[in-house]
Amino acid sequence: MYTRSIDERCVILGKYLVDNKTTIRAAAKKFCISKSTVHKDVTQNLRRIDTKLYDAVKAVLDVNKMERHIRGGEATRRKYVGH
């Protein structure tokens, strides 16, 4: 079985996050790896591999951080009101 190198995985995850403007949780689900792995890959490892991509990922993560209270409120509303 072929496994990608960590550097390749970091770049793939970074591009996925930027292209889809998605969350770490969604990327983890898509690639069937843990959220911790995705987070470490795109915040620590990617910084040393590709600084331009790292900056783009950081921008997406900053937006997600600003919007998370909204997503949390929506999830709670759906839980109690229904889909």
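Is Arg48 buried or exposed? Arg48 is exposed, at a relative accessible area of 58%; here exposed means over 50%, buried under 20% and partly exposed in between, using a 1.4 Å probe and protein chains only. The model is a predicted one, so local features need pLDDT of at least 70 and side-chain atom pairs count only at pLDDT 80 or more, while totals for chains, interfaces and linings use all residues. Residues are numbered from 1 along each chain as its sequence is written, and side-chain values use heavy atoms, with hydrogens and water left out.

Searching the whole structure turns up 3 salt bridges, each a side-chain nitrogen of Lys or Arg within 4 Å of a carboxyl oxygen of Asp or Glu. Arg48 pairs up with Asp7 in one of them, at 3.3 Å from N to O. Arg48 sits in helix α3 (residues 35–49) and Asp7 in helix α1 (residues 6–20), so this contact ties together parts 41 residues apart in sequence. Helices are DSSP runs (H or I, at least four residues), numbered from the N terminus. Asp7 is partly exposed, at 34%.

Arg9 and Asp41 make another salt bridge, at 2.6 Å from N to O. With Arg9 in helix α1 and Asp41 in helix α3, the pair ties together parts that are 32 residues apart in sequence.

Lys58 is partly exposed at 39%, and Asp62 is partly exposed at 36%.

Key:
Helix = DSSP H or I, 4+ residues; strand = E, 2+ residues; numbered from the N terminus.
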